[in-house]
Amino acid sequence: MGPLSPARTKRLWGPRSLGVALGVFMTIGFGLQLWGGPFQRRLQRLQLRQPWVSSLGPAASSCLPQQRLVFLKTHKSGSSSVLNLLHRYGDRHGLRFALPARYQFGYPRLFQASRVKGYRPQGGGTQPPFHILCHHMRFNLKEVLQVMPSDSFFFSIVRDPAALARSAFSYYKSTSSAFRKAPSLAAFLANPRAFYRPRARGDHYARNLLWFDFGLPFPPEMRTNRGDPHLPKDPSPLQPHVLPSGADSQAQILDPKALFQPVFTVADGHRQTASPGSLDLGSSPFIKWALAWLDSVFDLVMVAEYFDESLILLADALCWGLDDVVGFMHNAQAGGERGLNADSNSRLSAEDRQLTERARAWNNLDWALYVHFNHSLWARIEQYGQRRLERAVAELRARREALANHCLVGGEALDPKYITNRKLRPFQFGTAKVLGYVLQSGLSPQDQEECERLATPELQYKDKLDAKQFPPTVSLPLKTSRLLSP
């Protein structure tokens, strides 16, 4: 590997000097993830282009599609829909996936390269390279770089902790002891200390789930005195690092020109729009440096509330086409749309607004992540061009609607009771029904194949890729009578 450019070194190690960054990160527990040669990776500069919208001018021909990808699949953040497009892309192009033996890489433990099916450590013999790592894991950079090339494109997705909490409470009700003991999400957030125990089984789902998925250590004041140092202790009193309480509380950072509908919060009975300077992210050096470290590793972090806009930026960064990123929503819960859209706060009742504020305060580290990456997304949108983005998003949505009308019965997701094809029926988990798709009859063989790819849930698609990549070997029994006969 050649030397790092100065600009790339700055991206890897944060905005300040390498020595200071290493000292701070190692102090707060990042040393194991940062240390060692594999961390020094290079990426070509992103080339902002739009290869599919002919109305916007001729497509640039200076970039090649990126096919080495690391996607951190965060929980309850729209990541299953991203996973489907990665499955389809790799399937069509014959790429090799780094697959788990089952469906997750030992989660909630930190990712280990040894959990990748078919992986052989250096010196363990030659093996074909992996192109895509995308299934559920708790991020561990050092081990990821044992599996994936250092010039891979790293990306992930985050979601407003308030919307994530609603989805997680429903989905992990039987998994998290804290959620299981609480009669409702409102009751849980009104007094989380009555239900939450940091070392209890499954309770990582109940607080700062995004922070946990990113593999970040918790601040010193939130660590347990014994046991897993990554699990937070019960703080007293509850003091969010990012979201102030009371009349001066502010919402997430959004585009100041409000290209799309901004998010509002309520303070003293009045709606107010957030301003970029209203949140003091520097109030915690720990959080500040954690975010700087993530910026040095991840090339793009999508935002679920701006899913289509994020897809456009993803396709542009990867030099992919429209059909590479268009797709259907996966793993969506029935009745789960509330709180997902970016403008939903303006339509919430006073009770729901209180729940939203409490969820963000309880998940204060996730809120810091969300505010930070929401801001960085809008900075990229400014660079891309807002009007250009609006046109691209409109074309993406039109293409999705056309595919849905062509492929799907009813043109939309359906209750699982209507899905008789086991290959298309999503795994049912939690208290809410997980929606899926039924294909139209009479499709041509080519359309049938593509529509199946679009509609196949993540577990079934993973099994399909596994069988394709590791075909079962059939051993024929020896016929001893023939071997013994003259």
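A residue is called buried when its relative accessible area is under 20%, exposed when over 50%, and partly exposed in between (1.4 Å probe, protein chains only). C134, at 0% relative accessibility, therefore counts as buried. The model is predicted: local features need pLDDT of at least 70, side-chain atom pairs count only at pLDDT 80 or more, and totals for chains, interfaces and linings use all residues. Residues are numbered from 1 along each chain as its sequence is written, and side-chain values use heavy atoms, with hydrogens and water left out.

**Disulfides**
- Two disulfides are counted, a disulfide being a pair of cysteine sulfur atoms within 2.5 Å.
- C63 and C319 are joined with an S to S distance of 2.2 Å; the pair links distant parts of the chain, 256 residues apart.
- The torsion about the S-S bond of C63 and C319 is about 75 degrees, so this disulfide is right-handed.
- The sulfur atoms of C407 and C451 lie 2.0 Å apart, and their link is left-handed, with -65 degrees about the S-S bond.
- Both C63 and C319 are buried, and C407 and C451 are buried as well.

**Helix α11**
- Helices are DSSP runs (H or I, at least four residues), numbered from the N terminus.
- α11 covers residues 307-318, and 12 of its 12 residues are buried.
- C319 follows α11 and has a positive phi, near 60 degrees.

**Contacts of F188**
- Leaving aside neighbours within four places in sequence, F188 is in contact (heavy atoms within 4.5 Å) with residues including F179, Y196 and W362.

Methods: Helix = DSSP H or I, 4+ residues; strand = E, 2+ residues; numbered from the N terminus. Expected span 1.5 Å × (residues − 1).
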